[in-house]
Amino acid sequence: MKFGYFDDSRKEYVITTPTTPLPWINYLGCNEFFSLISNTGGGYSFYKDAKLLRLTRYRYNNVPADGNGKYFYIKDNDTIWNPGWQPTKTTLDNYECRHGIGYSRFLSSKNEVTASVLTFVPLNDNCEVSTLTLTNNSSAPKNLSLFSYVEWCLWNADDDMKNFQRNLNIGEVEIIGSAIYHKTEYRERRNHYAVYAVNTCIDGFDTNRDDFLGPYRGADSPLAVENGSCTGSIASGWSPIASHQITMDLAPGETKSFIFVLGYLENPNDEKWETAGVINKKPAEEMLSRYRTDGDVEKAFTSLRNYWDALLTKYTVKSSNDKVDRMVNIWNQYQCMVTFNLSRSASYYESGIGRGMGFRDSCQDLLGFVHLIPDRARERIIDIASTQFQDGSAYHQYQPLTKKGNSDIGSGFNDDPLWLIAGTSAYVRETGDTSILTESVPFDNDISVAAPLMEHLKRSLDYIITHKGPHHLPLIGRADWNDCLNLNCFSEHPGESFQTFGPSEGAVAESIFIAGMFVKYGEEYAQLCDLMGMPTEAGRARQEVESMKEAILTHGWDGDWFLRAYDAYGQKVGSAECEEGQIFIEPQGFCVLAGVGVAEGIAKKALNSVKRRLDTDYGVMILQPAYTRYHLELGEITSYPPGYKENAGIFCHNNPWVSIAETVLGRGDRAFEIYQKTCPAYVEEISEIHRTEPYVYAQMIAGRDAKFHGEAKNSWLTGTAAWTFINISQYILGLYPTHQGLSIDPCVPKDFGDFELTRQFREGNYTIKVQNPDNVEKGVKQIYVDGVPISGTIIPYIKGKSFYHVVVVMG
């Protein structure tokens with residue numbers, strides 16, 4: 001069943017009931033200030049870093065779900081309700097939540113009063129703006145009271161949730177007119193504060209949570225709202241909040257609007273104070289002055305809409321398949337932007353506390369984002385490379401606020417170095433900007449040991465070359481892409497983190513997945529060497545790639561599929577010889593997409609094995625058979641119940657690898673079949689089974705062995721977004737950026753029909769008509785550029801050329 005519908009013309013998903021299976025959320029913010037907002041008004045806000053600069057609180061384990069947000073209470077005589085339904089959960093006469101691109105709208109009504117709320121983060125301010133409009137649709141006057149509510153987080157979200165002996169004593173606020181200032185810890189080490197303000201005079205306020213809610217009450221039944229009056233409380237310690245009370249009379253048919261702004265501000269250290277103990281509010285006052293009127297808000301909102309409309313025209317498709325068009329043109333690219341901004345740090349499944357920006361994650365997210373804002377992709381590559389160690393290995397994550405690496409979740413994941421090559425290669429292919437390769441970049445943020453980015457890439461490659469095991473395959477280290485395959489961990493007791501316990505190195509455990517990565521990105525490194533006039537280094541890299549191919553074919557093939565790994569005892573992982581976990585998805589996808597085994601004919605055999613052994617109605621499982629007992633030598637992967645997460649779940653992130661691999665073999669029907677199975681637009685009809693948002697990808701879907709087969713978890717922040725966009729845009733629809741120009745080589749289902757593409761590539765704008773008169777899956781008979789036939793599938797890049805009119809005839 002469905003709980004809403006797509007409104008493609010407005011680029012919105014319209015949720016028609018608040019009781020979705022899980023909170024269905026949206027992300028607000030494009031630059032440094034971000035908010036999460038759910039379809040029931042839940043969520044939280046932060047500046048740059050969800051751990052270190054959290055503005056508002058959220059309770060992940062709360063019952064009922066989706067506890068705490070930025071709420072508006074409307075009191076109409078004895079009826080109290082919220083436009084987003086929570087937290088009072090009053091039955092509404094009408095409810096609609098429209099999640100758009102960078103904004104969310106609520107339209108609800110109760111007892112002939114309509115409430116409309118538009119919430120967004122402006123492009124150029126560190127704040128969230130909410131316009132609330134109330135309309136009296138009855139034939140009688142209405143006397144209404146409106147109450148706002150946010151609960152401040154005491155900045156460090158990790159400390160906020162556990163250090164109560166300190167935190168219950170430090171909350172401080174100031175109130176000036178209709179603005180409530182959160183200045184906790186400002187007296188000491190901080191030079192930042194937050195503000196929550198409304199653009200009208202208020203009839204009351206509260207800043208102490210216990211006074212607003214009342215004793216032994218929750219946000220579902222605040223005593224102040226029930227009484228129709230705030231208490232004027234001034235927080236001192238305990239739990240500071242911000243609540244405004246506005247009382248109004250509405251004549252029949254009358255509408256009134258109110259603008260609420262939640263903002264983050266900083267002062268220079270020598271300008272912190274107006275007077276002793278009084279914060280310098282000038283930055284806040286300047287910000288608030290920009291959102292005083294409905295016209296101010298409309299101007300900012302229009303700028304945001306125009307910004308996104310421009311971004312989403314950089315790659316578009318028009319086909320007979322509206323679900324493909326919807327995902328490619330709107331939701332997939334939108335999710336790529338969100339994952340690029342936040343990596344895996346802050347969602348309804350990632351608390352924003354335990355993880356920063358992932359090294360591997362950010363490099364992969366960049367692959368799906370680089371065509372949108374190349375300048376930001378360039379900056380991200382430099383940030384990532386700056387955390388690399390001198391030997392070519394890497395921190396597994398870094399904090400977005402400090403841009404410095406940390407080892408909170410361990411390091412020594414041996415696939416990390418190669419992802420830096422992948423991201424850099426994608427950037428250079430997209431932009432033609434080779435200057436990034438000569439830019440001086442520090443190691444471990446130590447400028448004294450800085451080296452050109454090209455040297456960083458060389459050390460990434462060399463780290464794999466110098467860390468091989470007995471079969472001349474790459475050592476796995478702590479783990480490879482699958483963080484839960486811990487071949488050097490040997491954790492026997494609860495509380496021993498699989499990612500930080502045990503040695504990160506080992507001289508035996510090897511990864512066939514990293515080997516496949518090395519083949520693909522070793523060649524891409526060699527191409528960068530070609531560009532930079534380094535033929536000797538390019539030759540060396542290609543020789544190493546050939547050696548790795550040979551090692552895979554000799555020691556990584558199991559007869560019907562590629563092995564997954566060798567463990568610390570030299571035993572096979574992912575082999576028909578194994579009792580459990582006989583076949584894994586990762587090496588089948590990545591080895592074949594890298595071209596390994598294609599000429600030898602075994603690639604087709606591997607992908608046929610995937611279909612036979614791993615396929616389900618909801619996607620391709622990560623392994624089979626599922627592990628039914630804990631294997632000390634394999635680690636966390638065997639700790640999950642069968643069918644969940646890495647133990648035979650459907651990991652959506654690696655399904656595109658298999659789909660891409662199928663395009664390498666020219667099997668468009670099968671490639672598209674895999675694409676469809678995890679694509680949100682295709683699973684919308686089974687939302688009661690899938691449960692997560694039907695407009696964005698999830699990380700994991702429960703596999704065939706699970707009790708709840710088909711149920712998704714961990715939506716939004718997943719590498720699935722980038723890899724699926726790469727799959728559909730570069731391999732299925734076939735527009736692949738190369739150093740020489742844009743390549744066009746689609747691989748589609750036989751019945752896909754003709755389609756049109758637009759693509760901005762460097763300074764050129766391409767309009768492309770793809771004709772498939774013979775209904776083939778793959779093959780280009782002829783390409784015409786501006787009416788002139790060309791040879792091959794690459795449209796030569798011409799510097800300064802603005803428009804390319806292209807016709808592609810498949811056959």
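The lining of the largest cavity divides into 14 nonpolar, three polar and five charged residues. Here Ala, Val, Leu, Ile, Met, Phe, Trp, Tyr, Cys and Pro count as nonpolar, Asp, Glu, Lys and Arg as charged, and the others, Gly among them, as polar. This is a predicted model, in which local features need pLDDT of at least 70, side-chain atom pairs count only at pLDDT 80 or more, and totals for chains, interfaces and linings use all residues. Residues are numbered from 1 along each chain as its sequence is written, and side-chain values use heavy atoms, with hydrogens and water left out.

**Cavities overall**
- Searching the whole structure turns up seven cavities of 30 Å³ or more (a cavity is a set of points, on a 1 Å grid over the protein atoms alone, where a 1.4 Å probe fits but cannot get out; lining residues have an atom within 4 Å of a point).

**The largest cavity**
- This cavity holds about 230 Å³ of space (the space filled by probe spheres set on the points, which are joined across faces, edges and corners).
- Its lining has 22 residues, with Leu367, Ala426, Arg429, Ile726 and Gln730 nearest the centre.
- Two or more lining residues come from each of helix 10 (416-431), helix 12 (512-531), helix 20 (720-732) and strand 38 (735-737) (DSSP runs numbered from the N terminus: helices are H or I, at least four residues, and strands E, at least two).
- Helix 20 gives the largest share, six residues.

**The second largest cavity**
- Its volume is about 170 Å³.
- Of its 16 lining residues, Gly41, Lys70, Phe72, Phe106 and Val117 lie nearest the centre.
- Strand 4 (33-38), strand 7 (71-76), strand 11 (113-120) and strand 12 (127-136) each give two or more residues to this lining.
- The lining comprises seven nonpolar, seven polar and two charged residues.

Notes. 1 Å grid on protein atoms, 1.4 Å probe; cavity = no way out; pocket = protein on both sides within 12 Å on 5 of 7 lines; lining within 4 Å.
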